[in-house]
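User: Could you walk me through this one? I'd like to go over the fold, the salt bridges and the interface.

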Amino acid sequence: MKTQNQKAWFFVLPVLILVAFNALIPMMTVVNYSVQETFGNNVFFWQGLDWFQQLLRSDRFHAALGRQFMFTGIILLIEIPLGVIIALSMPRKGFWVPVCLVTMALPMLIPWNVVGAMWNIFTLPDIGLLGYFMNNTLGIDYNMTRSPFAAWATIITMDVWHWTSLVVLLSYAGLVSIPDAYYQAAKIDGASNWAVFRFIQLPKMKQVLTIAILLRFMDSFNIYTEPFVLTGGGPGNSTTLLSIDLVKIALGQFDLGPAAAMSLIYFAITLLVSWLFYTLMTKDDAK
Amino acid sequence: MLSWMAWTWPTAFVFIGIFSAMGVLTALEIRSPGGAERKGVLGLVTTRGDRLFISLLGTVYIMLAWLGFLGMPLWWPLGICIAWIIFCFWKV
């Protein structure tokens, strides 16, 4: 019989402690806050489930949630197909491979707030390259501090610019792992490009694409810094995504109770969607 | 020391409940390893831990839905939740 050695658990211990302090204990505190009211000074009053009920029936929350789903939906619809297309058209061997890979990886190396600031300046109507060009050369009225449509177009373009590379790199990794024999077999059978994509490349990319969609869903659903720096949630409330609204409630108004209730609902949504997606995508793999 | 966490008894019981459920699962896992894996009625392959996760997540949504659409009190959804948890461990 094999001897059981449980020493490996000790190596997991540091991670456990870290997770306890940066996730578990703050999370428990948020749960405690969500059922109480405070005016500061560490004095709390029992509030029951009032915050949850108020929030679930508040138009402000529904609107922010709707904007959040719209944002995540749009960027997923753009980034996933675009990423796959770019990965398919990248060279598989030769001099251009590292050039493409490094160029692709560059946007992801830039910190979130820098991305926001960059796009902010880029789109300023009087001095920004894009803003000036649109307004003065093309004559299109483009000002994201005035028009909600321009603001939305800008945050979506920014996110596509920043994160499509992630989908590209993951899809590319899936593509290069396909053995040549598959392509040779397809050639002998006279398969069309579409058939090769549909029956060889897509199934082989399924796992990395699952991870890519999951990561992009979670990241975009929790996005805060970039739209905050770029539009600050405006004009009006038109780009106030869920996280921006949450910070407004928690730190702007110092309503810790409602903010805690909101973050728990936020968390429950992220958890459910991620779990559902992952379970459905990997359902047939486990036999 | 713990005053900043603003503990209340009801929230403490929630966490005591979750952690003792995890403790029971650990004990069961030591007694019969493998997680009692099976394919349930939803077509998912689940272990005991998965079933606990699904039942807790479902409970959250049942409660939130009732609170949002019908409001207090929450005795009826509590009954639905218990039925859901039993269903999860029995069939899923």
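Analyst: Happy to! One term to begin with: buried means under 20% relative accessible area, exposed over 50% and partly exposed in between, using a 1.4 Å probe and protein chains only. This is a predicted model, where local features need pLDDT of at least 70 and side-chain atom pairs count only at pLDDT 80 or more, while totals for chains, interfaces and linings use all residues. Residues are numbered from 1 along each chain as its sequence is written, chains are lettered from A and ligands numbered from 1 in the order in which they are written, and side-chain values use heavy atoms, leaving out hydrogens and water.

User: Great. How many helices and strands does chain A have?

Analyst: Chain A has 12 helices and 2 strands, taken as DSSP runs numbered from the N terminus (helices H or I, at least four residues; strands E, at least two). The C-alpha trace of chain A spans about 80 × 75 × 30 Å along its principal axes.

User: And what share of the residues of chain A count as buried?

Analyst: That would be 40% of its 287 residues. In chain A, 68% of the contacts (heavy atoms within 4.5 Å) with a separation of 6 or more are between residues 24 or more positions apart.

User: On to charges. How many salt bridges are there over all chains?

Analyst: There are 6, each being a side-chain nitrogen of Lys or Arg within 4 Å of a carboxyl oxygen of Asp or Glu. One of them joins Arg60(A) and Asp245(A), with N to O at 2.9 Å. Arg60(A) sits in helix H3 (residues 59-89) and Asp245(A) in helix H11 (residues 242-252), so this pair ties together parts of chain A that are 185 residues apart in sequence.

User: Is Arg60(A) buried or partly exposed? And Asp245(A), buried or exposed?

Analyst: Arg60(A) is partly exposed, at 38% relative accessible area, whereas Asp245(A) is buried at 4%.

User: Which residues are linked in a network of salt bridges?

Analyst: Glu79(A), Asp159(A), Arg216(A) and Asp219(A). Glu79(A) pairs with Arg216(A), their closest N and O atoms 2.9 Å apart. Since Glu79(A) belongs to helix H3 and Arg216(A) to helix H9 (residues 193-221), the pair ties together parts of chain A that are 137 residues apart in sequence. Glu79(A) is buried at 0% relative accessibility, and Arg216(A) is buried at 1%.

User: Where does Asp219(A) come in?

Analyst: Asp219(A) forms a salt bridge with Arg216(A) too, with the closest N and O atoms 3.7 Å apart. The two are 3 residues apart in helix H9 of chain A, so about one helical turn separates them. Asp219(A) is partly exposed, at 37% relative accessible area.

User: Switching to the interface: how many residues of chain A are in contact with chain B?

Analyst: 26 residues of chain A contact 27 of chain B. About 2300 Å² is buried between them, 76% of it from carbon and sulfur atoms; that is accessible area (1.4 Å probe) lost on putting the two parts together, summed over both. On the chain A side, Met28(A), Asn32(A) and Trp275(A) lose the most area, together 23% of what that side buries. Elements giving two or more residues to that side are helices H1 (8-33), H2 (50-56) and H12 (256-282) plus strand E2 (44-46).

User: How many salt bridges cross it?

Analyst: The rule finds 0 between chain A and chain B.

User: And what do the buried residues of H1(B) pack against?

Analyst: They pack against H1 of chain A together with helix H2 (48-69) of chain B. The residues in question are Thr11(B), Ala12(B), Phe15(B) and Leu25(B).
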